[in-house]
Amino acid sequence: MSAATPAASSSGGVSPTNASAPDVTQSVNSIDRLVLEYLRSRGHKDAEKALHESLESSVDESVKTVSAEELIKSLAVYAQKPSRPGDNVLKESANVLQELTTMGNPPSIQNLIASLGTVGAEEILSVDPTDKEEGFRELEAWVEGSLDMYKPEFRPILFPIFCHFHLDLVQRGFKEAALRFYDTYSPSLAPMHHATLHHLSTLLLPSHVQNDDLAQRFKNEKYVIRMSRSGFSLLVGWLTEGIGGEASGAGEGFSGEKGKRGRAAIMRVVNNHLRFDVTSTSGAAVSPNAWEESTGLLSSLIPQTNASAIPNPHAFNASKGELKLGPAPISEELRAETERVIREQSVLDRDPNAQYDLQFLRPPAIPGVVSPTESDMPPHPPSFKTLDVQREVEKVRDARKRIRLEPSALSSVDLNSAQGGAARARGLPSICAYTLHDVGEGAPCCTFSPDITVMAAGFSESYIRLWSLKNEKLKTSSIKESGSLAKLQQKDACTTRKLVGHSGPVYSLSFDPLGGSAMPPRYLLSASADATARLWSLDTMSNVVVFRGHQNPVWDVQWSPMGIYFATASRDRTARLWSTDRTSCLRIYAGHLSDVDCVRFHPNSLYLATGSSDWTARLWDVQRGACVRVFIGHQGSLSALAISPDGRYLASAGEDLAINLWDLGSGRRVKKMTGHTASVYSLSFSAESSMLVSGGADWTVRCWDVRSAGGPGKPRESTITESTIARTLDGENNETSDLLATFPTKRTPVTNIHFTPRNLCLVAGNYLAPDSR
Amino acid sequence: MSKPKAKAAQTHQTGIYKSDSVRDVAESLGITSLSEAVASSLASDVEYRIHQVIEEASRFMRHARRTTITTSDIDQALRVLNIEPLYGHNPHNPPVFRRALPFPNAANVGAVYFVDDEEIDFDRVLREEKITLPKGVSWTAHWLAVEGVQPLIPENPPAIPKDVDQEITKSPPQTNGTFPLTPPSESRSTVKKQQQQQQQLVKQVLSRELQLYYTRLTSSLLPPTADSAKRTAALASLRNDAGLQALLPYLIRWVGEGVVTALKEGAQSEADGRSLEVLLDVVSAILENNTLFIEPYLHQLLPAILSTLLHSTLPPSHATHLRTSAAQTLSRLLTQHSTTYPSLSPRIMKTLLVALISSDKSKGTREGAIRGLVGIGKEAVRKGLVEGGGVKVVGSECTPGETGPLVDSVITALHILHPPSDMPESLDATNEGDAKTIEQSREVLGDFFAEKLYGDKDWVLGVLSSIKQQS
């Protein structure tokens, strides 16, 4: 079955090859002979033989000198094979070989050869490994010798050419040459592309290249490079005529025989695998990090709509039209009821100011942001309950009692001066840290309920533990047992509860948001490595539903802001939407090329943001299941996401230790914030969306100013002691200027950050005993 | 044949997983004729597969919010790759590999590693060790920041003083054990850590200038071989300079420690004697400086003085001088502070009396005690020597005709009671009145010292009368 798939898919490509075969015989023959002579003169016996084989089999299959079986074996490594999830990957190459031998008849060989695609006579020419080294050396010299204004433009070319050269060498079986090439040239590229380079360095045999996803993406997709018009013409000039670059005489240069072949090798990669996105802007205007957004193997990262190829993420985001990012509508009845309750309470409390609270019910519309209407919303119950009213009332009260955080106040004041203290108090939050002690194998997640009465932690040992933060007893109202037994249970209820059910590490937890800050939550969702999500009732402290559907570990789970729905993210490259009353999923959001690591709902629950190990974040329309925005720019897997409460920004943190801020409306990157020295585990916006707080594996909590422009950090001379610590720790100052404060913890990686509606910041993490490994 | 071998040798260098290992495995399975090409490409493939598994396992590590891969991550990775996991590995106690000692008869085998199994003696464990159940997971809450300021509480890492910044350069928090952000072990050395923190706090109070002054001062005073001009200047500074109050506890501690170390070593050498002298000078200088508020530290200062005074074996060359100056210092201290501390002199008296009267004390101690009494004053001498019977005790211990510092000190003490007359007139035993005096003085002073006094009639009478006056 699986072996038939490539044959069928490539059947379209067979006919042109056959049709052109006679032409090839005539026109290529003379060239082939030259090539063969050349190869013989250089002593490449293997290559010569391969060329022989390929020529003989492709041009004239009736005159066969090699047995079919032998040919299949030699070609097996080139065979393309669709990756099937759930397969034992270690058996893949063996399987292919076996399948090929079983179907070893001439027509299928024909198909196989047709499917080879790129393996042709011209590529055999590029077989000499020294060409590539020489070519890359020349290119590097040229890039480094170019004018400063062009350097940022030209540098990104080096990486794809390096990758292709390396992969070509490996694929052709020049393992030593490939390793030598890698060792020589990778150090200069390592700072930017460490992850990819490491992955490529693990590929050692042709079969690895054939089966590796990333290598195949390099082979099949165009690597996009953005370049200005003048820069591009310079590059073309150098490639065709050898203008610029190193001085003549310094190396063999482009006049030498070797240099020519090196240039030809680069030309081949440029023609076959690169696409230049030529812009009219001058190179000088490009910021140093801009290449991240527009460079890379983009075509598969951007969802392609019916046949029209979309060149870059911005074009895609623009083509998807406007989003409705405003706050979700509240039904008139609910609003009226809420107003009534607030009025009543203000009369009872004799608090005349409470009358003005009503303004909080109608948040001011932000110009340029469209609010969704009732009809846009996913279906919710038509009538509201007392709970909803209580939640809305509490929301208004929270808004009134909120601590206003104005990080902008900090920017103009010297923090050491007398006014600095006051500015700090106005600009920075109070942070309360909850530290878990004596955690055995680790607690991957820890979360607070919206009303901060309960904290839950998921453990690697497959269980979940709940703690009452108010030191009250967590009661269970049992359904079945009545009378004395129930009373007994009540008696020995304690402030902590253990929920057992999963059979793998618990990676994510989410409390139901329906009660808001007015009521304790009634449900808890958990996601685990056992590929299930579970719903727990906090009334009975028991597991109510098991949601099966994902094929692989579920990394993240989150409730929709209005309850009922929730979303999961899994290693099976999908995110899914569920509702609590069904055990099967409602929507599957597929399109990411790798694990979906994190998932977050937009505050109006119309959109869903996902972050993935394919280095991108996406925004999906919850109801249509379509991707509406793609955010490209991270240089590593994404580890955390947060959407601002005003619904306009997405913050994402990646393994490249950067936090990116994206404008959801346009899909463009607002800024890149750096300063963390290890993975970022959690992000959270303050209630006014003016501040972002991040925490991670470097045992720090950091506060970022969302509104400021950012940019490389000024050398701050002992303004805040905390920041100087961080600076001395990582050796160099890579903090951007929008980092407001850094609060180190004691050996506690921060796994969760939670802003209460009143702008108190809670962080949670588990203390690492120093002697644990 | 030689050519492929050379090539193979090169491949050995490149990979982590060597083709030798493949051969070893093959041999263990009974495959002896494995060609080099096969072994090398198998090794490459194995390496690739290992990387694949590790890459997968690292994802599980990241999602478990850890920074080290554990065996459970590998297990999970194998599971999702549809490979049977490796059983028998437990992340709770990761196996510790130890390197075996090289075999003497096969030197070129290479390193052999083995899993170290600890042997547990059940009897011993059951008898001695109390196996405590590990505590369950618990949580604590603290303020990481209050309105943007990190409070200095034990739960937060201590703020690093600015001048230490340079010392803690590039050291990632994971690897650094001694870094203040990462105290070595909270459970075991909480006390130690608190001490460290307190010290740090005090250091912040003490200005740099004072710290510098302190180090300069102590280094110019001790060791005593340093040139005397410097020492004199240092002592003068101590005697007169204002603003040293913050240093006082450190100085007193330094003096106390200095005395202890000098006396501990038996105090026989010249150097010890000299350093003791210097330390006593320091004490007196501190006492003389009237800008210092010394009273809270008296209890720390007194042991140093009294130890010097009463120590049994002082270096012979310095003994008398040391005891005398210690006594002088003591007297100065008492005159200054006995008004504010009424109980001070009785307490010191008691100490001295015990040293003087109680049996099996060395001569040195007795001498010191007497000198101390002399320092305290006439009244103390009378009480100690005469009423307490100190003279008799000393006299009984002295062989007739003996001289020495002890006897001198007693004589000096008696001088205090009544100065000897300029023109001594000896007592006449035949004279009736004189005989009575002799009788009396023998009774009070004991035979030994009574005889010493016979030469001066006025003195004897004076001593006796002073005793009588008081009683």
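**Exercise 1.** Which residue in β9(A) does A:S510 stand opposite?

*Solution.* The model is predicted, so local features need pLDDT of at least 70 and side-chain atom pairs count only at pLDDT 80 or more, whereas totals for chains, interfaces and linings use all residues. Residues are numbered from 1 along each chain as its sequence is written, chains are lettered from A in the order in which they are written, and side-chain values use heavy atoms, with hydrogens and water left out. Begin with β8(A) and β9(A) (residues 523–528), which pair in the antiparallel sense over five bridges; strands are DSSP runs of E, at least two residues long, numbered from the N terminus, and two of them pair if DSSP finds at least two bridges between them. Within β9(A), the residue opposite A:S510 is A:L525.

**Exercise 2.** Describe the largest nonpolar core, then follow the contacts of B:V282.

*Solution.* A nonpolar core is a set of buried (under 20% relative accessible area, 1.4 Å probe, protein chains only) Ala, Val, Leu, Ile, Met, Phe, Trp, Tyr and Cys residues joined through side-chain atoms within 4.5 Å. The largest has 79 residues, and B:V282, B:L330 and B:F449 have the most contacts inside it. Contact means heavy atoms within 4.5 Å; beyond its neighbours within four places in sequence, B:V282 touches B:L221, B:L235, B:L238, B:W254 and B:V255.

Conventions: Buried means under 20% relative accessible area, exposed over 50%, partly exposed in between (1.4 Å probe, protein chains only). Helices (H or I, at least four residues) and strands (E, at least two) are DSSP runs, numbered from the N terminus.
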